[in-house]
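Please study the sequence and the structure, then work through each solution in order.

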Amino acid sequence: MNPSVGVLFVCLGNICRSPTAHGVFAALVAQAGLAGHIRVESAGTGDWHLGQPPDRRTQLAARTRGYDLGQLRARQVRAADFEQFQYILAMDRANLANLERLRPPGHPGILDLFLNYGRDLPVDEVPDPYHGTTKSFEQVLDLVENAARGLLAHIRKHHLEAHLQVQREP
Ligand code: 4NP
């Protein structure tokens with residue numbers, strides 16, 4: 001059996017915060033050898049930037065920490081996401097509220113703030129860096145790297161450990 005967990009990161013434009021979370025979390029998952037077990041995507045609640053790559057400043061900040069976001073393209077949240085992703089994680093409360101409105105009745109998955117998976121963070125929202133400075137994009141990465149580590153630990157514990165243990169046994 002190949003247990004698969006889906007994680008969708010959501011912000012407003014899908015060109016700054018959620019692609020950063022997408023790239024950072026996908027890199028952690030790959031490093032852990034779990035790419036076959038965890039599906040990662042990102043989307044925006046808004047539709048202004050559909051089909052565009054991440055913001056140039058987002059890509060630059062990510063690249064300096066070793067993450068290549070160049071292949072990502074912005075898309076909007078769609079109804080099928082609620083069937084395909086168990087974890088739909090918003091960067092801020094405004095986007096979480098929009099997701100709650102879009103959520104079909106009976107959706108069994110988790111809708112939450114992404115930073116709730118972080119450790120010892122002073123905030124629970126990732127501030128929108130779009131009108132900010134270089135420092136704003138660095139701050140996005142700091143918050144995202146912290147919460148991505150916590151999220152991976154959470155998913156390992158709650159979804160993967162039992163299965164992986166069984167697979168290792170003869
Ligand atoms: P994001 O940032 O939600 O982190 O991708 C934004 C990108 C674009 C806009 C707002 C936020 N915008 O208004 O175009």
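**Exercise 1.** How many Å separate an oxygen atom of the ligand from a polar backbone atom of G13?

*Solution.* This is a predicted model, in which local features need pLDDT of at least 70, side-chain atom pairs count only at pLDDT 80 or more, and totals for chains, interfaces and linings use all residues. Residues are numbered from 1 along each chain as its sequence is written, and side-chain values use heavy atoms, with hydrogens and water left out.

Step 1. The distance from the ligand oxygen to the polar backbone atom of G13 is 2.9 Å.

Step 2. A polar contact is a pair of N or O atoms within 3.5 Å; within protein, one must be able to donate a hydrogen and the other to accept it, and residues adjacent in sequence count only if both atoms are side-chain atoms.

Step 3. For N14, a polar backbone atom is 3.3 Å from an oxygen atom of the ligand. For D128, a polar side-chain atom lies 3.4 Å from a ligand oxygen.

**Exercise 2.** Describe the shell around the ligand.

*Solution.* Step 1. The residues around the ligand include C11, L12, R17, H49 and Y130.

Step 1. The shell divides into 5 nonpolar, 3 polar and 2 charged residues; Gly counts as polar, Tyr and Cys as nonpolar, and Asp and Arg as charged.

**Exercise 3.** Is N146 buried or exposed?

*Solution.* Step 1. N146 has a relative accessible area of 15%. Buried means under 20%, exposed over 50%, and partly exposed in between (1.4 Å probe, protein chains only).

Step 1. N146 is therefore buried.

Step 2. The N146 side chain reaches the backbone nitrogen of R119 at 2.8 Å.

Technical notes
Near = heavy atom within 4 Å.
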